4 protein chains.
Amino acid sequence: MEYSREIELKGHIIDSGIMTQVFDAIMEMGGNFEITVFEIGKKKQDESYARILVSTEDETLLTEILSVLHRLGARPPVIEDVTLAKAEADRVVPKGFYSTTNHPTLVKYGDEWVRVEAIEMDCLIVVLPAENRALCTPMSKLKTGDWVVMGDTGVRVEPPQRPREVGTFEFMHGTVSSERPSETVIRQIAQEMRDLKARGGKIGIVGGPAIIHTRAAPALAEIIREGFVDVLFAGNALATHDIEYNLFGTSLGMNLDTGTLARGGHKNHIYAISEVIRAGSIRDAVDQGVIKKGIMYECIKNDVPFVLAGSIRDDGPLPDVITDVMVAQDKMREYLQDIDMVIMIGTLLHSVAVGNCLPSYVKTICVDINPASVTKLMDRGTMQAIGVVSDAGTFLPMLAKYLHD
Amino acid sequence: MEYSREIELKGHIIDSGIMTQVFDAIMEMGGNFEITVFEIGKKKQDESYARILVSTEDETLLTEILSVLHRLGARPPVIEDVTLAKAEADRVVPKGFYSTTNHPTLVKYGDEWVRVEAIEMDCLIVVLPAENRALCTPMSKLKTGDWVVMGDTGVRVEPPQRPREVGTFEFMHGTVSSERPSETVIRQIAQEMRDLKARGGKIGIVGGPAIIHTRAAPALAEIIREGFVDVLFAGNALATHDIEYNLFGTSLGMNLDTGTLARGGHKNHIYAISEVIRAGSIRDAVDQGVIKKGIMYECIKNDVPFVLAGSIRDDGPLPDVITDVMVAQDKMREYLQDIDMVIMIGTLLHSVAVGNCLPSYVKTICVDINPASVTKLMDRGTMQAIGVVSDAGTFLPMLAKYLHD
Amino acid sequence: MEYSREIELKGHIIDSGIMTQVFDAIMEMGGNFEITVFEIGKKKQDESYARILVSTEDETLLTEILSVLHRLGARPPVIEDVTLAKAEADRVVPKGFYSTTNHPTLVKYGDEWVRVEAIEMDCLIVVLPAENRALCTPMSKLKTGDWVVMGDTGVRVEPPQRPREVGTFEFMHGTVSSERPSETVIRQIAQEMRDLKARGGKIGIVGGPAIIHTRAAPALAEIIREGFVDVLFAGNALATHDIEYNLFGTSLGMNLDTGTLARGGHKNHIYAISEVIRAGSIRDAVDQGVIKKGIMYECIKNDVPFVLAGSIRDDGPLPDVITDVMVAQDKMREYLQDIDMVIMIGTLLHSVAVGNCLPSYVKTICVDINPASVTKLMDRGTMQAIGVVSDAGTFLPMLAKYLHD
Amino acid sequence: MEYSREIELKGHIIDSGIMTQVFDAIMEMGGNFEITVFEIGKKKQDESYARILVSTEDETLLTEILSVLHRLGARPPVIEDVTLAKAEADRVVPKGFYSTTNHPTLVKYGDEWVRVEAIEMDCLIVVLPAENRALCTPMSKLKTGDWVVMGDTGVRVEPPQRPREVGTFEFMHGTVSSERPSETVIRQIAQEMRDLKARGGKIGIVGGPAIIHTRAAPALAEIIREGFVDVLFAGNALATHDIEYNLFGTSLGMNLDTGTLARGGHKNHIYAISEVIRAGSIRDAVDQGVIKKGIMYECIKNDVPFVLAGSIRDDGPLPDVITDVMVAQDKMREYLQDIDMVIMIGTLLHSVAVGNCLPSYVKTICVDINPASVTKLMDRGTMQAIGVVSDAGTFLPMLAKYLHD
């Protein structure tokens, strides 16, 4: 007895590697296939079209294979409306729910294709029938009675296709190496940033305290002042040490301009936090003239919003830090809705958190001294990620320089 | 014009390297010294005694040098009572407050030496005059009107001294290398754990999700079941993937027993969380027979408390996760009060957080595949830390084996 | 004006990713294409066939694109004989020479397809007209008057195709992570080794001194004794410390069974070398009963050949070490001719050297604690490489155990 | 029964940490001690003097402890002449030979103190009685009949003492971290280099091919042109890719100015080597105008000698490469005799090789992206080593800039 089902694929499915992944998946999972229609895009700009009959000896396996192919953009030739189920309790997911990818996604509902809003991976899709809307919903926000999309039926995924023209992101994507021409890479990232800003795009920075410890804060402050940053995602440590450096010249007690441990410097970060608490908030401390320069100062002065998310290793923390991580996550999501590029520097925790909430089409640049961190961040099923193994303390000053030139 | 002050040092100050650090500090900071008394411990068991006249050309510098020497255990020959100041507002530290080390500390108050409770580094000391108590207090818990210890006067620090007999912790301490005899090191750690349990000591585990991904969970579950663990510090990821593995055989969708990606496995961790939410809590899920084995199961069954601290990259999270990081930090502190050894495996975030709250005399073992993480964790001014650069997936099964033998 | 040329591709070109790479290359280099024929392999076992017209506006560019496609297995529909040129001097390559890939390669000469012997990458092909042979020749061995293959004409490359059935090497290939189920991976490697030996295959080990320092030597010695190793590639350090350990219980002076520094142990490796020099060679030292166990002992006793290649950081060296690196390289090549699998452990230098000489169809397993080393070794244009980020000191004992089971 | 012996120590033995190490060693090895005389240097500039009676219950142990203490500079109050033994065969060391440290060393012979020439660690001392000379001799150069120093008797080691004033090397030494102010550190290294050159000192560079791949070659070429480099230690890869870059703009086929793979670029390094072979040597290629810029060009033009040492992974190699590693090692030794500072960048192999041949008083700066490499290189029993975890591609341009300023 054999079970089979036909699916179709459309687009630049060969050079985007999608056909390769489809065949891979079927064979790895133990299925068979027959290609029933194959119209190859003859020229560079042409799209291809394939129809494939997938077959197995086991019905469950067939469903499983189709579910994997679905995530690669495969769909049945005729598409029905999505199946919905009601959430029985807050945060309890219905068995068989559809789990999102980070690619643009549509659902067919009432015979119409509705784009899923705020797509990110590993979430549910909740349909609002009255409003004809579909919302990408993390399980933490699922409410009793929500209408949840079940299975793959009626869901269409649009994985990123290889662009016809090649830019910085395309030729570098996928490799992580410390053996690339650093200055050339930095110059090209600067160019991408300038191009994107010229087009009115939005750039987010995710930064760790290594930016301060390596004394790259003046460079980042300059980049913010010059208008290249639209939002900053960081934690208590980056903000605290930035303020510490600007109040006392130290970071974790080390005088950054001499490289020596400052006398009594171990107390400076506590004083920095305390001064901000006394003022009320970072904005208040800037307004009152307590903080006079630095990353946080430039954010306030240039109206660049920031999300400071708390972590269990925080001292203090600063009054601006959101100590509830789920609240912080939501705040991050707000600012990520219309972002075009994210540059992640020297923080695995915040970078993974931001990366989880990003659609696959957002350009991502990951800079870290540890190649394993870069590798981990790169793996987002996208052609829009560049990994740079470098030192924040030399990378950012050079980036600032090339943003000028 | 010259400013000078005499200090004294007592104990195994030469072989513990304290004299070296004292001279280092004075010279690095630009001071002078004259040794007025030096009685060397003639034999192995004898303590030494030194009296040193520190002098500078600048009064501030003298204070700064003395403050550094103070942290090494130096003290004036005659000690006055501590100076106290009132905290003017919640979380606002008085200028000139005394900032703690992680070494055992006493304050002289009402002419008596009072031991500071719950010592950890980078905190303030609050004196409760009525109760004759002194509390180590993170700035986040400072309240208006608290009596805060100011400056070094009346404070005595007792840095760890080199033990006369050499154990595992002594001969290995301080070095981080992947080129040590792994099995020998693991055998000795097992021996230390057994000795410590035989003496009634308490062991905490700090663990990251790599324990699950590398399939070391069965080994850790066994170690818990056999009574070697008194408390577990982890995050949502470790608990979620542990439960995912035990419900579905996968971790982040990878079948850990075959190393292949499970079909539809990407949803498993969401189901795992959802099932626990449905049950109410991890304990409820165990009681209801939903979770039948694994790390969390053994914790519940053997009454081993756990603290699951939230982070911004959490999916879900599980209902047992404390999403407010300051609340989680406090919970961690509770369980660290009487701990004797902490083993940190595969998590920089939780390990740093726990490490920050530990007194210097607690034995610490840091295991990570990344030598930079191990180095970072080791630097706690203690002779009680061992760094092991190894793979959780092979380390824990071998440790479990040697705990049996 | 447009320049164009037709090429054809045959085989499992879609699921092996070859079509994707072909389109990628054309577009990245700025060419155009039109697909003139495309017969897709309808079922899993069927091969596909494509004919593609590549066009550019620049003749040089066309040649360059075709040269890249050639390396992916593309060829003109009609193939002429290779073009040959005479080498004008020893080690001086003719301009326009054909540079080899590490894939199986054939040249058309005298209207016949001749397989290139001893293929490895970055070499020349020298044709021996009288013998109808073609030899892959490193530039160091090129002699005046040798007939060198020029350009791509008449050369056919056979890149590896995705196997229809999936084994350990296929599902793991390409990813480097420390977050995989270690024991499961090791069990599968053991299985692959046993299967390969059962089929009469040959396994080579490339090992660094970390094997000894982490005390994995007894495990490797056992693996050799049990017949799993056909040749050992190493340097002076591995052999010296192996012998040091077996004579004195130390490696670089550290007692591996206690983890402590042995008294006077810093001289042991010098003594070890000296004793072997006194005996004459490692074989002599084994025959005379000086060396009684260990890796080198088992090699001698089980007639496993070894190549000890010198490096500039060598002490001694042992008399068996080949101090001229070009001679050592040739010796390595000899033993690599009919090897089926190579396991590289804890040495970047020797692993890269061996990897450079390997055809792409040889299975390769790279084990290192440093993910950057593993990544570097993995990138060989092959589906036959597995990277394992682990600790030699726990990996090898576990591998030995699973080879028994 | 107790065995005992008196030793004495002199110098800045407390703040240099020597007393700490002496007591550590005795206790770790299970001995006892009694301090018979202790005169502490009362002021900063004063030296201390200690006399210690070491005792054990076992005669062998006593000898072993004394041998360890000897390496820390301890010596018997009365010193006899060295004991000599004749080497029985080439490269066969006499049992009980004295193995050198990398500290300045003197031997007492004919009642006179003779300084050991060309000191480096893990060697023998050969005395030439007729010439009243003592030579540090690697075992590879030991000849039948050489007079070899046996045991510690008559040997005096002078371990480095903590300088009274603190410079860059002192305050940074010993720590390896990627979290230091990069630009500040680089500025200070530049200052040290300028100071050293102003005093007529000599600087050596040890460099790996990452310098070329990260496009730092123009910066290093400039540093050489400006006279900061006295000798270059490298391998075939650095020289080949430097020449490749200067002939073709690529390194391993990557166009370093665009970051893209050059068409046909994989052959460029072979061509580069071939062109040099055709010319005769690197000097010939420069003289004939083949090579017109770059690191090797500047070495030739500015008469900076270089040692290119072969390794088994070499392609080619260039005619200037010394393929016999023992010959290369000797050549390196020649140039290291009067060097004052060595900067090691991006190569573990060559850095360890050079480091092994260096006396402990030579200042060493290790720059690598991998903290584990830096840690390994730092551990030379010296206060004269700085580790920098950074990216060659950003480090060298910044260093060049600060050498100008």
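**Figure 1. A loop of chain D holds D122(D), in a predicted model.** D122(D) is found between β6 (112-117) and β7 (124-128) of chain D. Phi of D122(D) is near 65°. That is a positive value, and D122(D) is a residue other than glycine. Most residues other than glycine have a negative phi. D122(D) is buried, with a relative accessible area of 18%. Buried here means under 20%.

**Figure 2. D303(C) also sits in a loop.** Look between α10 (295-301) and β15 (306-309) of chain C to find D303(C). Phi of D303(C) is positive, at about 55°, although D303(C) is not a glycine. Is D303(C) buried or exposed? Its relative accessibility is 58%, so D303(C) counts as exposed. The cut-off for exposed is over 50%.

Figure 3. P317(B) lies in the loop between β15 and α11 of chain B. P317(D) belongs to the loop between β15 (306-309) and α11 (325-336) of chain D. Most peptide bonds are trans.

**Figure 4. Helix α11 of chain B spans residues 325-336.** The helix has twelve residues. From its first C-alpha to its last it reaches 16 Å, close to the 16 Å expected at 1.5 Å a residue. At the start of α11(B), look for D324(B). A side-chain oxygen of D324(B) reaches to within 2.9 Å of the backbone nitrogen of M326(B).

**Figure 5. One side of α11(B) carries its buried residues.** Which residues of α11(B) are buried? They are V325(B), M326(B), A328(B), Q329(B), M332(B), R333(B) and L336(B). These residues cover an arc of only 155° around the axis, which puts them on the same side of α11(B). What covers them includes a helix of another chain, α11 (325-336) of chain A. Chain B itself contributes β12 (231-235), β15 (306-309), β16 (341-345) and α12 (348-356) to the cover.

**Figure 6. S182(C) meets residues of chain B.** S182(C) is in helix α4 (residues 182-198) of chain C. S182(C) is buried, with a relative accessible area of 8%. What does S182(C) contact, leaving aside its neighbours within four places in sequence? The contacts are T214(B), D391(B), G393(B) and T394(B).

**Figure 7. Chains C and D are related as by a two-fold rotation axis.** Which residue of chain D comes closest to the rotation axis? D324(D) does, with its C-alpha at 2.1 Å. The same surface serves both copies, as 100% of the contact residues of chain D recur in chain C.

**Figure 8. The predictor scores its own model.** The complex receives an ipTM of 0.92 and a pTM of 0.93. For chain A, the mean pLDDT is 92. In that chain, 96% of the residues reach 70 or more.

Note on methods. Residues numbered from 1 in each chain as written. Chains lettered and ligands numbered in written order. Predicted model: local features only at pLDDT ≥ 70, side-chain atom pairs only at ≥ 80, totals over all residues. Heavy atoms only, no water. Helix = DSSP H or I, 4+ residues; strand = E, 2+ residues; numbered from the N terminus. Expected span 1.5 Å × (residues − 1). Buried < 20%, exposed > 50% of the residue type's maximum accessible area, 1.4 Å probe, protein only. Arc of directions from axis to C-beta. Contact = heavy atoms within 4.5 Å. Polar contact = N/O pair within 3.5 Å; in protein donor to acceptor, adjacent residues only side chain to side chain. Least-squares fit on C-alpha atoms with pLDDT ≥ 70 in both. pLDDT = per-residue confidence, 0-100.
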